[in-house]
Amino acid sequence: MQETAKSGGKGKPDKKSANLIPGATGDWEVVVGMEVHAQVASASKLFSGASTAFGGDPNSHVSLVDAAMPGMLPVINAECIAQAIRTGLGLKAAINLNSVFDRKNYFYPDLPQGYQISQYKQPIVGEGEIEIDVDGEAKRVGIERLHLEQDAGKSIHDQSPDYSFVDLNRSGVALMEIVSRPDLRSSKEAQAYVTKLRTILRYLGTCDGDMDKGNLRADVNVSIRKPGDPLGTRCEIKNVNSIRFIGQAIEVEARRQIDIIEDGGTIDQETRLFDSVKGETRSMRSKEEAHDYRYFPDPDLLPLELEQSYVDDLAQHLPELPDAKRARFIKEYGLSAYDANVLVAERENADYFETVAKGRDGKLAANWVINELFGRLNKEGKDIAHSPVSAAQLGGLVDLISAGTISGKIAKDLFEILWTEGGDPAEIVEARGMKQVTDTGAIEKAVDEIIAANPAKVEQAKAKPSMLGWFVGQVMKATGGKANPAAVNEILKAKLGL
């Protein structure tokens, strides 16, 4: 967990005053640390063979180990170990070849053992870092640790007026708890951090990052201080399950703490819940410390000892990660940093773009993927996996533009046909007579007719060359948008003497 003492001492205030929060007694700085719980992508649980599939009838994915039946012993899931190591490598973190599973003791009805198997002093992954981008500025956020632990079950309170029920389907599911340093200084930075972390996990295939299903959730530690002062007392906002709510919770909690201190009060270290409907945080319980959980090594599990060769082999087979892909897109395809960021945000989107851009004009491909495809997908609430236009089809459309076969306007009409009807782009253009008119004779004829019909406009254009655009529009209209725009401009300038 993020401990205030670990990051104590005086610190320099951040350069940007934009992160400071105004109060009655001056500006305040918010300090945020994150504990993100990411469900490990694996078919079975951390210490049993029970299914991790989402849904299912209550208590249908429960083994005797998960239910803590007498005499049942945990057996480590090797894939969960591999997934934790892959994640650590993706976070540029130290992999600890020797780690220990501990028992974290506390009572709750959905925790059948009366303890959670977790890691405390010797986690599987040590210090690392994530680079985030906020308003065009890069910032490195320290990772303190990543440890493996089992999830608890779920208490259900709305099925009966007299009883609460317990569903143990999640009990024993493997979680990676990824703990950041208290390096974040605004709600926006915290949101960027979780977004980037989720992207890395999805690239690695170690967690699907589905916050709606609870597969990624965050405990947000918030404190305030005057810029340059020692760290203040923190409060932990528990189980925030959306990036939007993370931002809102930080803003609300920081303001609550400022108001208390400026009224002469003090902040109690505690765990709080965020109510997104009321837009407030409320007290849940006083914050426990490590000694309250009576951690001790689990006697049923031997220390976990890894070979360096095993870690090296996992490292060799990691996919290209977002930062490396972004740098390559900028270099290889000549993209702007902004476009590259948009394209690498999701692995599937990046793969789609690469298929479209392969052997083609990268900037043109990016323009069509980002503006036309992503815009339409967002409008219709679809993701890339359900795009009606395949990467091969969009690549074919880009080919037709590059070859001068169709104009930009015709390309948009073609995209609409591909979206609603499908088909081969080249065949559609041929069958429907959508080819761009490049015959200068035909264009010249249209230009002559427009000039002859608009003598007053001709005089205006000679006095005001910016009027040329009106003539271009008229010619394009007369040719059904098929005339080559460059040829139209050239012929018009010659005819009008511009």
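This is a predicted model: local features need pLDDT of at least 70, side-chain atom pairs count only at pLDDT 80 or more; totals for chains, interfaces and linings use all residues.

Student: Why are α8 and α9 called oblique to each other?

Tutor: Helix α8 (residues 362-380) and helix α9 (residues 391-402) pack at about 125°, with axes 10 Å apart. Angles under 35 degrees count as roughly parallel, over 145 as roughly antiparallel, 65 to 115 as roughly perpendicular, and the rest as oblique. The pair α8 and α9 is therefore oblique.

Student: Which residues in α8 and α9 meet?

Tutor: Leu364, Ala365, Trp368, Val369 and Leu373 in α8 meet Leu394, Leu397, Val398, Ile401 and Ser402 in α9, where contact means heavy atoms within 4.5 Å. These contact residues divide into nine nonpolar, one polar and no charged. Here Ala, Val, Leu, Ile, Met, Phe, Trp, Tyr, Cys and Pro count as nonpolar, Asp, Glu, Lys and Arg as charged, and the others, Gly among them, as polar.

Student: What makes α1 oblique to α2?

Tutor: Helix α1 (residues 78-90) and α2 pack at an angle of about 130°, with their axes 10 Å apart. That angle makes α1 oblique to α2. In this pair, Arg86, Thr87 and Gly90 in α1 meet Ile200, Leu201 and Leu204 in α2. The contact divides into three nonpolar, two polar and one charged.

Student: How many cavities of 30 Å³ or more are there?

Tutor: A cavity is a set of points on a 1 Å grid where a 1.4 Å probe fits but cannot get out, whereas a pocket is an open set with protein on both sides within 12 Å along at least five of seven lines; lining residues have an atom within 4 Å of a point. By this rule there are two cavities of 30 Å³ or more. The largest cavity holds about 70 Å³ of space. Among its 13 lining residues, Asp66, Gln113, Gln150, Ser171 and Gly172 are the closest to its centre.

Student: Which residues lie nearest the centre of the second largest pocket?

Tutor: Of the 18 residues lining the second largest pocket, Glu131, Ile132, Asp133, Lys196 and Asn341 lie nearest its centre. The largest share of this lining, six residues, comes from α2.

Notes. Residues are numbered from 1 along each chain as its sequence is written. Side-chain values use heavy atoms; hydrogens and water are left out. Axes are lines fitted to C-alpha atoms, for helices over the stretch in contact, and angles run from 0 to 180 degrees between N-to-C directions. Helices (H or I, at least four residues) and strands (E, at least two) are DSSP runs, numbered from the N terminus. Grid points are joined across faces, edges and corners, and a volume is the space filled by probe spheres set on the points.
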